[in-house]
Amino acid sequence: MHQSDDSGFMSRALELAERGLYTTDPNPRVGCVLVVDGNVVGEGWHARAGDAHAEVNAIDAAGGRATGATAYVSLEPCHHHGRTGPCTEALVKAGVQRVVAAMADPDPRTAGQGLEALRQAGMAVECGLLEDQARALNIGFATRHTRGRPYVRIKMAASLDGRTAMASGERKWITGPAARRDVQRLRARSSAIVTGSGTLLADDPALTVRTAELGEDVAFLQPLRVVLDRRLRTPADASLLTQPGATLIATRSHQQDARHSLMDRGAEILSLDDDGDGELAMLMAALAARGINEVLVEAGATLTGALLGAQLVDEIVLYVAPILLGDTARGLFHLPHIQSLTQALPLDITDITPLGNDWRITAKINRGQGPI
């Protein structure tokens, strides 16, 4: 049974967890607050993979004061050995008497075992307080462990009449500086940015987080850059091959010269099925296997439409500018399979936010089911 002040302490644990929003991959973002007699005696959060977990940091901050404490944790304490020891053991050793977790850990290595181990150790254990907020913070981690693929977010910028570029391909800049800065936030929280060879050839994007726009004092990890390039058309002098971090090129092609040329520039090549059957699902499964939690898709109408058609998209983030580009300009998504209103793809608008003169609309795909 949750106590009256539990929500406030759990809210603080979630605030702490969010400090690792851009740095914990492939691990989840976790915060912990230790409380004795209504007073906070220790706080901690997980900063990056390989570093101490939130519970251990909170215990270290509390010192001997952790004895008899209630631990508020945004995710079930881990119960397996990885780069660090199980947090369940650390909580027991510190003398914590009660644990309140926001959500169960979807990682099968823990998945309820952590809470059960704490109960067996004699602690009072509760789970589910502010679960929706906790799940949203780790939506990619949860999706990877429950669906076997990352959480996939499409980012698009468009005019008020739903156009992304002129017929000639001219597109810079549809939206203003505030919207472009906000995109850096999306990139920074993403484990990977996916684009197609068409966008690569047309725009030569760097696909990096730009420190100047995100903030000089903000710590982040550069996301993996991923190019879906069926015919291996990526030029060896592409801008993304000169950027810090890793580049993965997914292709059907077996052209050895092209492969070696790109590998010499540091790119990793991922081979997809020659016939292309299920290649998008194969790509997402391969990304999940390497610990990719959240994918941001920055691509044209063909690839974004194909991902939607393959039911591999979870969310769309659309930046809308107060301009009109006209009938001949390029559209948002190529969805030829939709021929009638009965085939329309339902969306749930979850947020509408003004950014300068533009608007950011966030919509989730409505699959007729509850949250992951």
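This is a predicted model: local features need pLDDT of at least 70, side-chain atom pairs count only at pLDDT 80 or more; totals for chains, interfaces and linings use all residues.
Nine strands make up an open sheet with mixed pairing, in the order β11-β10-β9-β8-β12-β6-β13-β16-β15. At its edges stand β11 (268–271) and β15, each of which pairs on one side only. On average, neighbouring strands of this sheet are turned by 20 degrees against each other, direction ignored. Strands of a sheet pair through backbone hydrogen bonds, either parallel or antiparallel.

Strand β6 (residues 151–159) runs parallel to β12 and is joined to it by four bridges, with V152 opposite V295. Strand β8 (residues 192–196) also runs parallel to β12, through three bridges, and here A192 stands opposite V295. An antiparallel pair is formed by β13 (residues 315–321) and β16 (residues 358–365), which share six bridges; V317 has T362 of β16 as its bridge partner.

Helix α7 comprises residues 177–189, and its 13 residues reach 19 Å from the first C-alpha to the last, close to the 18 Å expected. Several of its residues are buried, including A179, V183, L186 and R187.

Side chains of opposite charge can pair when their charged atoms come close. R187 forms a salt bridge with E298, their closest N and O atoms being 2.8 Å apart. Because E298 lies in the loop between β12 and α12 (301–309) and R187 lies in helix α7, the pair ties together parts that are 111 residues apart in sequence. E298 is buried, at 9% relative accessible area, and R187 counts as buried at 8%.

Another salt bridge links D107 and R109 at 2.8 Å, N to O. D107 counts as buried at 3% relative accessibility, whereas R109 is partly exposed at 49%. D351 and R360 form a further one, with closest N and O atoms 3.1 Å apart; D351 is partly exposed at 27% and R360 is buried at 13%. Salt bridges with shared partners also join R29, R153, R189, E294 and E315 into one network.

Finally, I349, I352 and W359 make a nonpolar surface patch of about 330 Å². Of these residues, I349 lies in strand β15 (residues 347–355) and counts as exposed because its relative accessibility is 52%, where exposed means over 50%.

Key:
Residues are numbered from 1 along each chain as its sequence is written. Side-chain values use heavy atoms; hydrogens and water are left out. Two strands pair if DSSP finds at least two bridges between them. Helices (H or I, at least four residues) and strands (E, at least two) are DSSP runs, numbered from the N terminus. The expected span of a helix is 1.5 Å times one less than its number of residues. Buried means under 20% relative accessible area, exposed over 50%, partly exposed in between (1.4 Å probe, protein chains only). Patches are made of residues with over 30% relative accessible area and no salt bridge: like charges are joined within 9 Å, nonpolar side chains (Val, Leu, Ile, Met, Phe, Trp, Tyr) within 5 Å. Accessible areas come from the Shrake-Rupley method with a 1.4 Å probe; for residues, only the protein chains shown count as cover. A salt bridge is a side-chain nitrogen of Lys or Arg within 4 Å of a carboxyl oxygen of Asp or Glu. Axes are lines fitted to C-alpha atoms, for helices over the stretch in contact, and angles run from 0 to 180 degrees between N-to-C directions.
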